[in-house]
Amino acid sequence: MPATAEPLVPAEVVSSVFYGAAVSDSLVLLVVEVVDGTPRIAWGNEGATRLLGYGVADLQSLPVASLVPSLRGAEVGLLLRRERSARVDLSVRTASGALVQVVVLCTPTPSGRTWTLQLVPADSGSERVRQATAEIHERRLATLTERSPVPTVLSEQGMRLAHVNDAFCSLVGLHAEQLLGTGWMATVHPDDLDDVIEQVVAVLGGRDGEIRARLVRGDGTERTTVLRLSQLFTPGVGAGFVGTVEDVTDRLAVEARLAHQARHDPLTGLPDRTLLAEHVAERFRPGAGGLAVISLDLDDLTVVNESLGHAAGDELLVEVVTRLRATVRPGDLVARSGGDGFVVIGEDLDEGAAVTLAERIGAALAQSVRLGGVDVRPHASVGVTVQTTGHRTAEDLIRDGDIAVCQAKAGGKGRISVLDERARAGARDKLRLVAELREAIEGREITLLYQPILRAGDRAPVAVESLARWHHPLRGPVSPAVFVALAEEGGLIGVLGLLVLDETCRQLAEWDRVLGAAAPQRANVNVSALQLDDHLHGHVVAALERHGLHPSRLQIEITESALMEDPSSAREVLGRLRDLGVSLAIDDFGTGYSSLAYLRHLPVDVLKVDRSFVAELADGHPQIVSAVIALARSLDLTTVAEGVETDEQAAQLADLGAAYLQGFALARPMTGEAAAAWYAARTR
């Protein structure tokens, strides 16, 4: 049986206390309850009958309002509070009609349905001590309030202030004498005064309130504040309020500055692309016209940055903004859309007027500017787009502006181009295809085929190359040359590369499980130049560990042209992979413009002879293939000849010294399952 908790006070003690209180004639006690919405006396002890002159029966059910006539309506609720005890100086009416000044101590019971009232006559000795103590506390409180750094106001009756502290006087720049009574209302901004009065009235009715309002200082300056108000009831006087005031002017200014910085270019102060989109969206009306987008890209910013330094480039950008603002019409928006890109949004412009404005902008920008002691004549490619019925959203219009400036740049420097509808359709189709490619990558709809790589001497398979394929649900097969380029342009090459790397490693592990020792011993994975960064090493390690593979099972292929984009960085990235144990191959060797001296220092293992050189064998031109194979041999590198289409080519390549072969004549690309069957058959 669970133990029961002992009561904190024994029952006989509680009974004795209540009995003593009930029969005492020096202790005045009443119990109040609410009956049908009206607070009434439910019980009174002997002391209460002696003080008030009522009999016990007459006292019961007496309305509290009859006992304390100075409390009216909702003011009784300030005495009978459920949350905490209350102490109020009141006049109570006796049975003879006389008024007796008392201090009422009201305590709610734990149930919250009744209250105990203790009445202490004001002329009693204990009350005189209490009043003296209260006066001391009041003086301390007044001093504390006066010296408080929090601006504070006190009303004892309605809207009239009875007290303001020094902090409030300092906030509004006025003396206390100018603020007491209703003088404080003159400090409230006229546009906010009605709202403040409405809030004060609500507080006087018994509610707490908070409102933001501007206060006008004596010198005419404004401060934004938050007023927090609570009701304050003074017996015999009525309801007032106490209010604290928080000056939030500086905080709001900082927040506004941070918000501005978050949505404006820090160098030029122009709105960024987010604000640009909002501006166009607010003014865009489907089916209407007259909204023009003039997009421009500086043609020479990169040259200035590389030759004169980025400080000069920043100076050029600031000068461009100054000229743009001086050239556009009042009300036109100028925004910065990117590193060297700007956009002007104009309203009520047809195509002719938009082109005229674009010409003025181009002429203004082409004026010479001196940077770092050098005269520079900047030029901009400008694209013009005007809203038509074909634009269904604001985003369509802004996107067409981007397309128009790309068309202008394609035509040469300093050109102005009006959006070409056919090119627009092609660009939009490209954008759609990029979006669909993103969905295909996320849904792992990009599949892999595997083409075997064979030893030239005995045609024994030694590896496979992973080849990504995309079968579009509507367009059918999309060429890798198309979707890989789209991935690079659309910022998807990273996730595409990770998918190919992970799926290749997964397939190797699956072949190991199915084929054992007959499984392909290595898989080649192509890597884009955009993947040659500090993250590639970590991605390769993660994929190998995830599928339990040794680094020697992987070979990374990268094109010669990609290596030459940033040879120093490429060397560092490839060196880390080589140290890991992954082998490296240069794909399409001979089609780029690499430095042979630099090639000697690259940490690569294999040169892949491009298929275009292999094809020349059929025409009796083996010279380039021979040269590449000889070069590889001199650098102690292995060669793989790609694009082998006939047995004759395979035989000739073996005679020329190629170590490995790859092509349709030997094995076509196949699925992972088909490759497993192919390898199994070769083993048998």
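Two strands are said to pair if DSSP finds at least two bridges between them. Helices and strands are themselves DSSP runs, numbered from the N terminus: a helix is a run of H or I with at least four residues, and a strand is a run of E with at least two. The structure is a predicted model, in which local features need pLDDT of at least 70 and side-chain atom pairs count only at pLDDT 80 or more, whereas totals for chains, interfaces and linings use all residues. Residues are numbered from 1 along each chain as its sequence is written, and side-chain values use heavy atoms, with hydrogens and water left out.

**View 1. A mixed sheet of five strands.** The strands of this open sheet follow the order β12-β13-β11-β16-β17, and their pairing is mixed. The edges are formed by β12 and β17 (416-418), each of which pairs on one side only. Helix α13 lies across β11 (292-298), β12 and β13, at about 10° to β13.

**View 2. The hairpin of β12 and β13.** Strand β12 (residues 333-336) and strand β13 (residues 341-346) run antiparallel and are joined by four bridges. A hairpin of four residues connects them. Which residues of β13 stand opposite Leu 333 and Val 334? Leu 333 faces Ile 345, and Val 334 faces Val 344. Both faces of β12 are covered, since Leu 333 and Ala 335 on one side and Val 334 and Arg 336 on the other are all buried (buried means under 20% relative accessible area, exposed over 50%, and partly exposed in between, with a 1.4 Å probe and protein chains only).

**View 3. Helix α13 between two helix partners.** Two packed helices are described by the angle between their axes and the distance between the axes. The axes of α13 (residues 310-327) and α14 (residues 351-365) come within 10 Å and cross at roughly 145°. The crossing is right-handed, a term for a near helix turned clockwise from the far one by less than a right angle, while anticlockwise is left-handed. Val 320, Arg 323, Leu 324 and Thr 327 of α13 meet Leu 357, Arg 360, Ile 361, Ala 364 and Leu 365 of α14, where contact means heavy atoms within 4.5 Å. Sorted by class, this contact has six nonpolar, one polar and two charged residues; Ala, Val, Leu, Ile, Met, Phe, Trp, Tyr, Cys and Pro count as nonpolar, Asp, Glu, Lys and Arg as charged, and the others, Gly among them, as polar. The axes of helix α12 (residues 301-308) and α13 come within 6 Å and also cross at roughly 145°. Leu 301, Val 304, Asn 305 and Leu 308 of α12 make this contact with His 310, Ala 312, Gly 313, Leu 316 and Leu 317 of α13. Its classes are six nonpolar, three polar and no charged residues.

**View 4. The nonpolar cores.** A nonpolar core is a set of buried Ala, Val, Leu, Ile, Met, Phe, Trp, Tyr and Cys residues joined through side-chain atoms within 4.5 Å. The largest has 77 residues, and Leu 437, Ile 446, Trp 511, Leu 554, Leu 653 and Leu 661 have the most contacts inside it. Helix α18 (residues 493-515) gives the most to this core, with nine residues. A second, separate core of 31 residues includes Leu 324, Ile 361, Leu 365 and Val 382.

**View 5. Leu 499 and Arg 444.** Leu 499 belongs to helix α18 and has a relative accessible area of 6%, so it is buried. Beyond its neighbours within four places in sequence, Leu 499 is in contact with Ile 441, Arg 444 and Ile 446. Arg 444 is in the loop between α16 (421-442) and β18 (447-455). Although Arg 444 is not a glycine, its phi is positive, at about 50°. With 44% relative accessibility, Arg 444 counts as partly exposed.

View 6. Asp 36 is found in the loop between β1 and β2. Is Asp 36 buried or exposed? At 79% relative accessibility, Asp 36 counts as exposed.

Note on methods. Axes fitted to C-alpha atoms, helices over the stretch in contact; angles between N-to-C directions.
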